[in-house]
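Please keep the structure open as you read.

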Amino acid sequence: MSASAHIITAVIGSGVLSLAWAMAQLGWIAGPISLLIFSFITWFNSCLLADCYRFPGPLEGTRTYTYMGAVKAHLGGIKYTLCGISQYINLVGTSIGYTITASISMAAIKRSNCFHREGHDAECHASTNMFMIIFGIVQVMMSQLPNFHELVGLSTLAAIMSFAYSLIGIGLSIAAIAGGNDVKTGLTGTVVGVDVTSSEKAWNCFQAIGNIAFAYTYSSILVEIQDTLKSSPPENQVMKKASLVGVATTTVFYMLCGTLGYAAFGNGAPGNFLTGFGFYEPYWLIDFANLCIVIHLVGAYQVYCQPIFKLVEDSCRKKWPESGFITNDHPVHIPFCGVFQVNSFRLFWRTAYVIASSVMAMTFPFFNSVLGFIGAISFWPLTLYFPVQMYISQARIRRFTFTWTWLTILTVSCLIVSLAAAAACVQGLIMQLHSFEPFKSVS
């Protein structure tokens with residue numbers, strides 16, 4: 001149950017908010033099919049990765065503890081280095097993306113109240129920088145939780161919040177559809193020459209695929225989640241069940257949010273369907289949904305940052321084992337909470353990381369392009385390439401056999417799609433940067 005909660009917390013994140021927009025770009029045929037394909041690929045490769053947690057075998061081997069540790073044990077060499085680069089770029093990028101999303105949701109609460117008071121045509125704009133700072137301050141405090149084992153309660157709360165705002169989005173979409181919204185949808189999504197130009201259509205479709213890939217990215221922390229499980233029953237069996245529950249649950253919510261959101265907004269679906277103000281009333285429900293998003297992202301941010309924190313802290317302990325600044329904990333009594341162990345290095349390093357990620361979020365606060373780019377560059381290596389290569393190595397599958405051939409075809413096909421999606425997101429970022437001033441983001 002705790003593993004499923006961690007997975008749902010990691011998977012149902014800000015990605016769900018962009019799915020209505022993604023559906024609008026792809027249409028009724030390619031949109032749902034893309035969701036199902038990415039969900040199957042994610043689940044299938046999660047099962048491969050679960051078997052690679054131990055080395056040399058899935059049951060009798062030794063634990064590898066981290067994603068990088070698994071790659072080092074099974075593949076080693078340059079692939080280990082490339083894995084580290086891919087994983088930690090993804091984790092850092094996700095923390096930046098979650099900071100952007102949380103600030104947009106906090107600004108949406110302010111704007112929602114303004115629209116309710118002043119009318120739907122009012123100029124209700126809000127700077128997101130202050131909300132990024134507030135989110136960063138909260139993360140500085142939450143980041144002092146030492147490890148994954150201390151995050152079970154936070155992950156459970158975050159998972160509940162993700163269900164809450166997804167259900168609210170679904171309910172509001174159904175209400176909009178029942179109210180007879182006069183919107184246009186199509187089998188192929190946005191119409192060339194009416195909604196977009198031919199080049200915009202192509203770029204937006206690939207960016208939409210990147211957004212869907214981001215919505216399913218959690219393989220980079222799967223091994224760390226599996227490391228929290230007891231050895232009996234076997235961790236790989238439990239993790240496969242947890243992955244099935246997590247991916248199946250999120251796919252149902254994604255399909256509902258994406259298809260109902262598209263039906264409600266049509267080809268003009270906003271990039272973020274709870275903050276793009278396709279919905280204005282009831283304003284208190286919009287506020288509550290965005291508050292749920294913020295609470296969820298507080299937990300999701302920590303789930304994604306813990307592997308980064310662990311890597312740096314473990315490396316420093318090995319390099320300077322005699323340093324009291326790095327190794328010593330200091331008991332601090334907190335009223336109503338008991339005694340909390342504070343580590344000076346952990347306080348300094350994790351605070352610096354949160355500040356750096358917040359500054360990066362203020363510098364590049366582009367929701368869809370950032371999410372799509374992170375999904376595109378991380379989905380292929382972390383969700384596909386390394387799990388497949390580790391499985392081939394562990395199972396000793398020979399080259400050019402049937403299994404090796406179809407796994408290779410799957411890997412190469414997804415690489416091509418990921419590269420196209422990454423290129424589209426870079427193009428989107430470049431277009432947005434033309435009219436953007438750093439640290440002056442307005443929602």
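Ala300 sits in helix H10, in a model that is predicted. Is Ala300 buried or exposed? With a relative accessible area of 0%, Ala300 falls below the 20% limit and so counts as buried. Leaving out residues up to four places away in sequence, Ala300 touches Thr9 and Tyr98. For a sense of scale, pick out His120 too: Ala300 and His120 are 180 residues apart in sequence, and their C-alpha atoms are 32 Å apart in space.

Thr9 leads us to the next stop, the contact of helix H1 with H10. On the H1 side you will find His6, Ile8, Thr9 and Ala10, which meet His296, Gly299, Ala300, Val303 and Tyr304 in H10. By class, this contact has five nonpolar and four polar residues, and no charged ones. How do the two helices lie relative to each other? Two packed helices are described by the angle between their axes and the distance between the axes. The axes of H1 (residues 2-11) and H10 come within 9 Å and cross at roughly 105°. An angle from 65 to 115 degrees counts as roughly perpendicular, so H1 is roughly perpendicular to H10.

Now follow Tyr98, the other residue that Ala300 touches. Tyr98 belongs to H4, where Tyr98, Thr99, Ile100, Ala102, Ser103, Met106, Ala107 and Lys110 meet Phe131, Met132 and Phe135 of H5. Sorted by class, the residues of this contact are eight nonpolar, two polar and one charged. The axes of H4 and H5 (residues 129-142) come within 8 Å, with a crossing angle of roughly 120°. That pair is therefore oblique, and the crossing of H4 past H5 is right-handed.

H4 has a further partner in H3. The axes of H3 (residues 67-74) and H4 (residues 77-118) come within 9 Å and cross at roughly 165°. Since an angle over 145 degrees counts as roughly antiparallel, H3 is roughly antiparallel to H4. This crossing, too, is right-handed. Here Tyr67, Met68, Val71 and Lys72 of H3 meet Lys79, Tyr80, Cys83, Gly84, Gln87 and Tyr88 of H4. Six nonpolar, two polar and two charged residues make up the contact.

In soluble globular proteins, nonpolar side chains tend to be buried together. In this model, the largest nonpolar core has 111 residues, and Tyr165 and Tyr254 have the most contacts inside it. Which helix gives the most to this core? Helix H10 (residues 283-319) does, with 16 residues.

Beyond residues up to four places away in sequence, Leu407 touches Phe44, Val388, Tyr391 and Ile392. Its relative accessibility is 1%, so Leu407 counts as buried. Leu407 and Ser243 are 164 residues apart in sequence, with 20 Å between their C-alpha atoms.

Asp51 lies in helix H2 (residues 19-51). Its relative accessible area is 13%, so Asp51 is buried. Setting aside neighbours within four places in sequence, Asp51 is in contact with Pro58, Asn236, Lys240 and Gln394.

The peptide bond from Phe55 to Pro56 is cis, with omega near 10°, and Pro56 lies in the loop between strand E1 (54-55) and strand E2 (62-63). In the loop between E2 and H3 comes Tyr65, a residue other than glycine with a positive phi, near 70°. Tyr65 counts as partly exposed because its relative accessibility is 46%. Phe400 also has a positive phi near 70°, and you will find Phe400 in the loop between helix H13 (367-395) and helix H14 (402-433). At 62% relative accessibility, Phe400 counts as exposed.

Key: Residues numbered from 1 in each chain as written. Predicted model: local features only at pLDDT ≥ 70, side-chain atom pairs only at ≥ 80, totals over all residues. Heavy atoms only, no water. Core = buried A, V, L, I, M, F, W, Y, C linked by side-chain atoms within 4.5 Å. Buried < 20%, exposed > 50% of the residue type's maximum accessible area, 1.4 Å probe, protein only. Helix = DSSP H or I, 4+ residues; strand = E, 2+ residues; numbered from the N terminus. Axes fitted to C-alpha atoms, helices over the stretch in contact; angles between N-to-C directions. Parallel < 35°, antiparallel > 145°, perpendicular 65-115°, else oblique. Left-handed = near helix turned anticlockwise from the far one by under 90°. Contact = heavy atoms within 4.5 Å. Nonpolar A, V, L, I, M, F, W, Y, C, P; charged D, E, K, R; others polar.
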